[in-house]
Amino acid sequence: ERLEIDRIVGFAGCPAGWQTNTQQNWVHEPWPEYFPEILRWQWEAKLIPFWTETVDLARRHGVKHICFELHPGDMVYNPESLFRLRDAVGDEICCNYDPSNIEWQGIDTLAVIPRLKDVIKHVHAKDCTVKDHKPTWGLVGEMDVDWRGQIDALNRDGYAGWISLET
């Protein structure tokens with residue numbers, strides 16, 4: 001409140017795979033057959049309760065946007081998982097759009113912006129190239145992300161916020 005910050009940027013987190021586990025377990029596929037049960041437990045027992053409480057705290061302190069970077073290894077890693085959490089806990093859940101992470105996942109970065117346009121509340125700028133599913137990060141404009149296209153699409157869809165260089 002004293003800093004007059006209306007948004008925070010971060011990650012949703014990734015809990016362990018079960019109550020008795022201590023290691024994070026990023027499940028993003030429906031197979032093997034026990035994976036859906038792990039996902040259900042992670043979402044219902046951990047992620048949704050934690051972020052419901054955190055959104056309530058944010059509301060009490062004037063934070064309007066909790067912006068998640070859609071990053072592999074995190075529970076909120078693509079548009080579907082972002083909207084799932086947003087639907088469960090509130091409109092404060094938003095996107096810190098980082099096209100390099102979208103590129104890394106093999107998702108069309110320019111097709112994602114219109115889907116996310118109402119929830120993009122912060123943007124990270126870095127570049128990447130992907131070889132054998134492994135990203136290599138670099139300076140904006142030196143690798144595979146179409147940054148001219150990103151900026152044009154963000155402008156077209158009404159984004160007027162900050163673009164933060166991530167190094």
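**View 1. Strands β4 and β7 pair in the predicted model.** Strand β4 covers residues 120-125. Three bridges join β4 to β7. The two strands run parallel.

**View 2. Five strands make up an open sheet.** The strand order is β1-β2-β3-β4-β7. Pairing is parallel. Strands β1 (7-10) and β7 (163-165) stand at the edges. Each edge strand has a single partner, so one side of β1 and one side of β7 lack a neighbour in the sheet. On average, neighbouring strands of this sheet are turned by 30° against each other, direction ignored.

**View 3. Helices α1 and α5 lie across strands of the sheet.** Helix α1 spans residues 35-60. Its strands are β2 (65-69) and β3 (93-97). Helix α1 runs at about 135° to β2. Helix α5 lies across β3, β4 and β7. Against β4, the angle of α5 is about 165°.

**View 4. Helix α4 packs with helix α5.** Helix α4 holds residues 109-116, and α5 holds residues 147-156. Their packing angle is about 20°. Their axes are 10 Å apart. Angles under 35 degrees count as roughly parallel, so α4 is roughly parallel to α5. The crossing of α4 past α5 is right-handed. From α4, the contact uses T109, L110 and I113. From α5, G149, Q150, A153 and L154 take part. By residue class, the contact of α4 with α5 has four nonpolar, three polar and no charged residues.

**View 5. Helix α2 packs with helix α4.** Helix α2 runs over residues 79-89. The angle between α2 and α4 is about 15°. Here the axes lie 11 Å apart. The two helices are therefore roughly parallel to each other. Helix α2 passes α4 in a right-handed crossing. On the α2 side, P79, E80, L82 and F83 make the contact. On the α4 side, the residues are V112, R115 and L116. The contact of α2 with α4 divides into five nonpolar, no polar and two charged residues.

**View 6. Helix α4 has two helix partners, seen together.** Helix α4 packs with α5 and with α2. Towards α5, the α4 residues in contact are T109, L110 and I113. Towards α2, they are V112, R115 and L116.

Technical notes
Residues are numbered from 1 along each chain as its sequence is written. This is a predicted model: local features need pLDDT of at least 70, side-chain atom pairs count only at pLDDT 80 or more; totals for chains, interfaces and linings use all residues. Side-chain values use heavy atoms; hydrogens and water are left out. Axes are lines fitted to C-alpha atoms, for helices over the stretch in contact, and angles run from 0 to 180 degrees between N-to-C directions. Helices (H or I, at least four residues) and strands (E, at least two) are DSSP runs, numbered from the N terminus. Angles under 35 degrees count as roughly parallel, over 145 as roughly antiparallel, 65 to 115 as roughly perpendicular and the rest as oblique. A crossing is left-handed if the near helix is turned anticlockwise from the far one by less than a right angle, and right-handed if clockwise. Contact means heavy atoms within 4.5 Å. Ala, Val, Leu, Ile, Met, Phe, Trp, Tyr, Cys and Pro count as nonpolar, Asp, Glu, Lys and Arg as charged, and the others, Gly among them, as polar. Two strands pair if DSSP finds at least two bridges between them.
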